Amino acid sequence: MITEQIRKSYPQMSAVERKIADVILEDAMAVTNMTIAHLAAKAAVSEGSVVNFATRLGLQGFSTLKIGLARESEAFVDFSFGSVSAKDSPRLALQKIAGNAVDAFQRTSRTLDEECLRLAATQLITARRIDIYGAGDSALMARDADLHFMRIGLPAHAVTDYLSFQVAAAQLDEHCVALAISHSGQTSEIVDAMETARQHCAQTICVTSYGDSALARLCSTALVTVSREAELHEEASAARLTHLLVLDSLCAYISARQGSEAVERMDWVNAQLSRRRYPR
């Protein structure tokens, strides 16, 4: 058993490893519902240390560690992902995920600070250049926002390569905007890039699920979404969809403010795209 293995190895562990072990031994089932970022934050260690800890136990990674801990519990039969359990039918799984998304949309629309949205829109409209940073799942959203913003005439482009984050951020100035998308708000490369952008006097905006994250504290405008997954520190679809909701809302609001100019630009874009589609 993993917990028994941790107890036996505890005397030989380093100080960092003991911090991780303490969190697991205190409540192993709670760890099965944590992301690697949440466990690392709770133990006050790096995400790499968590991966190394799992490897030292002979496991393939953090996911294997979580599954192993779940199997050791009597509650394994109720193991769930995004509120979906192993007993659920495919239709019920779909309904649960849809319900989570609807709830997250409604809660985010009620609680997101309107002044922050208005300020973010103004900063995007007046920017000479907009860099949109995203890694992992958030890289897909950065590319999506890039396309939507370009279609309404904003000088945006996605930066999704880890090695390019710092290089891109260093090119910004006070007339530019750095927009970061991160569920956890703790991804070191994203946070470091935004710090560089801020040092070069760029406006900094973030879309994240955690208002107390390093990214939210760093940025001048933080757009914090709300979802059940974020409250439980899970990675799930509803949390990602709320980020898309915020970005699409900004795009729609900016388009409405541009008026006829936006309509003309969208008509031109649609005309170009229609030439590349087969007729129905």
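Select R128 to start: at 47% relative accessibility it counts as partly exposed. Here buried means under 20% relative accessible area, exposed over 50%, and partly exposed in between, with a 1.4 Å probe and protein chains only. This is a predicted model, in which local features need pLDDT of at least 70, side-chain atom pairs count only at pLDDT 80 or more, and totals for chains, interfaces and linings use all residues. Residues are numbered from 1 along each chain as its sequence is written, and side-chain values use heavy atoms, leaving out hydrogens and water.

**Stop 1: R128 and D173**

The side chains of R128 and D173 meet in a salt bridge, 2.8 Å from N to O. The pair links distant parts of the chain, 45 residues apart: R128 is in the loop between α8 (114-126) and β3, and D173 is in the loop between α10 and β5. D173 counts as partly exposed, at 21% relative accessibility. The term salt bridge requires a side-chain nitrogen of Lys or Arg within 4 Å of a carboxyl oxygen of Asp or Glu. Helices (H or I, at least four residues) and strands (E, at least two) are DSSP runs, numbered from the N terminus.

**Stop 2: other salt bridges**

The whole structure holds nine salt bridges. Go to D88 and K96, whose side chains form one at 2.8 Å, N to O. Which side of this pair is buried? D88 is buried, with a relative accessible area of 18%. K96 is partly exposed, with a relative accessible area of 27%.

Now select helix α7 (residues 90-111) and pick out D103 and R107. Their side chains meet in a salt bridge of 3.4 Å, N to O. D103 and R107 are four residues apart in α7, so about one helical turn separates them. D103 is partly exposed, at 31% relative accessibility.

**Stop 3: the aromatic cluster**

Show the rings of Y133, Y162 and F165; ring pairs link them into a cluster. Rings of Phe, Tyr and Trp (its six-membered ring) pair if their centres lie within 6.5 Å; planes under 30 degrees apart count as stacked, over 60 as edge-to-face and the rest as tilted. How many aromatic pairs are there by this rule? The count is two. Y133 and F165 have ring centres 5.8 Å apart and planes at 75°, so this pair is edge-to-face. Y133 lies in strand β3 (residues 129-134) and F165 in helix α10 (residues 165-169), 32 residues apart, so the pair links distant parts of the chain. Both residues, Y133 and F165, are buried. The pair of Y162 and F165 is tilted, with 5.6 Å centre to centre and 55° between the planes. F165 has 0% relative accessibility. Y162, at 43%, counts as partly exposed.

**Stop 4**

Select β6 (residues 203-208). Five of its six residues are buried, so the strand is largely enclosed by the rest of the structure. Two strands pair if DSSP finds at least two bridges between them.

Turn to β5 (residues 176-182): six bridges join β5 to β6, and the two run parallel.

Finish with β7 (residues 221-224). Four bridges join β6 to β7, which run parallel. C206 has A222 as its bridge partner in β7.
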